[in-house]
Amino acid sequence: MRLFLAILLCKLSRALLRLLGRGGTALPGTLALRLCPDAVSRLAKGIRCVMVTGTNGKTTTCRMIEKLLREAGYDPMANRSGSNLERGIAADLCANAALTGRPKKRWAVIECDEAAFKRVCGEVQPAVVVVTNIFRDQLDRYGEVTHTLEGIRIGLERAQKAVVCLNADDSLVASLAPDAPDRVRFYGIDAALGEGADVSDAPRCIVCGAEYEYEYHTFAHLGGFRCPGCGYSRTEPDVAVTAVDALTAEGSAVELRVDGKTYPAAVSLPAAYNLYNAAAAVAAATALGVEPARAIKGLARIESGFGRMERFELGEAKITMILVKNPAGCDRALEYMASVGEVSAVFCLNDGTADGTDVSWIWDAAFERLFADPAGAPHNIIVSGRRAEDMRLRLKYAGADENAVTVIREVKALADELASMSGEVLVMPTYTAMLPLRAELAGRVGRKEFWK
Ligand SMILES: [Zn+2]
């Protein structure tokens with residue numbers, strides 16, 4: 001009865017909020033959990049779930065897994081609204097359930113916040129878990145990386161049946177392997193991609209504290225690590241990007257080894273860091289029984305979404321929006337920006353709770369790489385958001401010509417300015433800065449909001 005009421009109330013409040021033109025709020029899930037605290041575990045029963053957690057790349061990895069499963073003939077539900085805390089997951093499970101509690105869909109791809117993972121994982125009892133990576137997020141929200149790691153470890157202990165897909169190149173994530181003996185599937189990238197370690201959140205061995213040696217780096221602390229102290233080192237992955245043939249603004253062409261066999265693969269999302277998401281998605285899909293060749297085919301048909309490499313064409317401007325939320329993610333976006341060539345750059349910095357109230361993290365990201373080669377520097381720079389001045393100061397210290405940086409605070413004015421530009425425009429907003437700007441751009445190009 002409690003479950004019935006929880007589902008009913010959740011559906012009603014969600015419908016009402018939509019009528020009011022508001023989507024993705026926390027209210028329906030909060031109400032459902034208040035009425036029926038074990039709603040998540042009861043609604044997830046009978047559903048084969050893939051859960052994705054980690055600091056960066058969760059949303060994109062989920063979209064990829066969802067796509068690969070669809071291409072293989074499954075019809076999974078997914079928590080697409082971007083709310084990846086327990087209440088958001090509860091709301092999406094309620095939406096997927098009949099009033100009796102019976103699930104409408106038998107498969108699910110669930111994105112879960114690192115901090116909520118330890119509880120939700122035990123309730124959902126996933127068939128597959130993917131851990132993307134662990135980076136220092138906003139310190140005021142999550143504490144140290146080891147704390148995050150410990151939370152995920154507890155979650156894995158509670159999901160005794162899950163196949164656990166771990167990033168082999170991340171020394172922190174890979175250290176979770178003993179917590180899921182015989183059930184681990186490693187994925188990774190076999191060769192150097194970036195310019196080496198710029199921001200390392202884990203320079204020292206998680207086991208003994210000695211400084212790691214690296215055969216190669218991909219991003220930040222990710223790569224072919226080895227500890228000279230205790231011998232803890234990267235495990236050869238089951239799913240690996242073995243060669244990168246091309247990286248363009250449209251996507252990449254790579255070779256992918258899956259369980260000993262190598263396949264050519266096209267990934268329809270740009271930026272090298274999406275190769276990690278692609279490898280993770282293939283590891284998860286094949287763990288669920290999808291044929292490797294079939295899974296890989298799906299990678300060529302991924303569409304980006306909701307602020308993650310989302311594209312908007314506005315007049316002559318080709319706008320790509322890349323959500324940033326921490327130094328490591330920001331570094332990857334900057335690396336991508338530097339690789340695009342002729343580009344206009346827009347940075348929108350807010351300091352809301354969801355952004356991290358302490359904006360000092362921008363000093364840990366390597367904005368300098370944009371100005372290392374003056375010929376390749378952005379020819380046009382705009383800063384926006386509540387902390388636009390902090391952003392301008394950061395860019396000045398990174399080597400930007402102060403007079404070439406424009407401050408535009410108002411969202412409509414910013415969108416007007418973007419519409420008047422031409423060529424590639426990269427917009428890097430923090431979360432709460434992204435929402436109104438994305439809504440404005442989506443409205444101008446006639447794109448539907450995600451909850452419609
Ligand atoms: Zn060690």
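Trainee: Is cysteine 230 buried, partly exposed or exposed, and what is its relative accessible area?
Mentor: This is a predicted model. Buried would need a value under 20%, and exposed one over 50%. Cysteine 230 falls in between, so it counts as partly exposed, with a relative accessible area of 39%.

Trainee: Which residues coordinate the zinc ion?
Mentor: The donors are SG atoms, at 2.2 to 2.3 Å. In sequence they are spaced C-x2-C-x18-C-x2-C. The residues are Cys205, Cys208, Cys227 and Cys230.

Trainee: What is the arrangement of the four donor atoms around the zinc ion?
Mentor: Look at the angles. Four donors count as tetrahedral if all angles lie between 85 and 135 degrees. Here the angles run from 98 to 115°, so the arrangement is tetrahedral.

Trainee: How many residues apart in sequence are the parts tied together by cysteine 208 and cysteine 230?
Mentor: Cysteine 208 sits in the loop between strand S6 (184-189) and strand S7 (213-217). Cysteine 230 sits in the loop between strand S8 (223-226) and strand S9 (239-247). The pair therefore ties together parts that are 22 residues apart.

Trainee: Is lysine 58 buried or exposed?
Mentor: Lysine 58 belongs to helix H4 (residues 58-71). Its relative accessible area is 4%. Buried means under 20%, so lysine 58 is buried.

Trainee: With which side chain does the side chain of lysine 58 make a polar contact?
Mentor: Leave aside neighbours within four places in sequence: the contacts of lysine 58 then include Glu111, Asp113 and Glu114. The polar contact, at 3.1 Å, is with the side chain of glutamate 114.

Technical notes
Residues numbered from 1 in each chain as written. Predicted model: local features only at pLDDT ≥ 70, side-chain atom pairs only at ≥ 80, totals over all residues. Heavy atoms only, no water. Donors = N, O, S within 2.8 Å, 3.2 Å for Na, K, Ca; no water. Tetrahedral: all angles 85-135°; square planar, octahedral: opposite > 155°, others 65-115°. Helix = DSSP H or I, 4+ residues; strand = E, 2+ residues; numbered from the N terminus. Buried < 20%, exposed > 50% of the residue type's maximum accessible area, 1.4 Å probe, protein only. Polar contact = N/O pair within 3.5 Å; in protein donor to acceptor, adjacent residues only side chain to side chain. Contact = heavy atoms within 4.5 Å.
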